[in-house]
Amino acid sequence: MGKMRFDDPRQVIIRPIITEKSDKATQRENKYTFEVTLKANKIEIKEAVERLWNVRVKSVNTVVMKPKPRRRGWVRGKTRRWKKAVVTLAEGYTIDVFY
């Protein structure tokens, strides 16, 4: 495999996404949701999660979230574009950051 573009795994993983839906996926299917940098690919995300939390990643699914229209009074704008990664861990592994 080629060299990772990112020296530090914290350049790839921006923050965990904690919502009701992601919490249920964590409890039922051992899936964790993160906001990641737009330039990161699945392999880089997998390596970053494995290095940060010392776990084994089974699979990574990504989706680029489109900007949504927003309004504050007369001012119209849009939210930013961002990438979401749903990481499935191998059996027996968990990430303690979420609890």
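Is Phe34 buried or exposed? In this predicted model, Phe34 has a relative accessibility of 0% and therefore counts as buried. The surroundings of this residue are described below, after the overall fold.

The protein contains two helices and six strands. Read from the N terminus, these elements follow the order β-α-β-α-β-β-β-β. Along the principal axes, the C-alpha atoms fill a box of roughly 50 × 35 × 20 Å. Of the 99 residues in the protein, 33% are buried. When contacts between residues at least 6 apart in sequence are considered, 63% of them join residues at least 24 apart.

The largest nonpolar core consists of 17 residues. Strand 2, helix 2, strand 3 (57-65) and strand 6 each give two or more residues to this core. Phe34 is among the residues with the most contacts inside the core, together with Ile13, Ile45, Val49, Val87 and Leu89. For Leu89, the contacts beyond four places in sequence are Asn30, Tyr32, Val49, Val55, Arg56, Val57, Lys58, Thr94 and Ile95.

The count of aromatic pairs in the model is one. This pair is formed by Phe34 and Trp53, is stacked, and has a distance of 5.4 Å centre to centre with 25° between the planes. Phe34 belongs to strand 2 and Trp53 to helix 2 (residues 42-53), so the pair ties together parts that are 19 residues apart in sequence. Whereas Phe34 is buried at 0% relative accessibility, Trp53 has a relative accessible area of 24% and is partly exposed.

Asn30 is located in the loop between helix 1 (20-29) and strand 2 (31-36). This residue counts as buried because its relative accessibility, 16%, falls under the 20% limit. Apart from residues up to four places away in sequence, Asn30 touches Ala25, Val87, Thr88, Leu89, Ala90, Tyr93 and Thr94. Val87 and Leu89 are also among the core residues with the most contacts.

At least two of the lining residues come from each of helix 1, strand 2 and strand 6 (82-89). By type, the lining comprises five nonpolar, three polar and three charged residues.

Definitions and conventions: Residues numbered from 1 in each chain as written. Predicted model: local features only at pLDDT ≥ 70, side-chain atom pairs only at ≥ 80, totals over all residues. Heavy atoms only, no water. Helix = DSSP H or I, 4+ residues; strand = E, 2+ residues; numbered from the N terminus. Buried < 20%, exposed > 50% of the residue type's maximum accessible area, 1.4 Å probe, protein only. Contact = heavy atoms within 4.5 Å. Phe/Tyr/Trp six-rings, centres within 6.5 Å; stacked < 30°, edge-to-face > 60°. Nonpolar A, V, L, I, M, F, W, Y, C, P; charged D, E, K, R; others polar. Core = buried A, V, L, I, M, F, W, Y, C linked by side-chain atoms within 4.5 Å.
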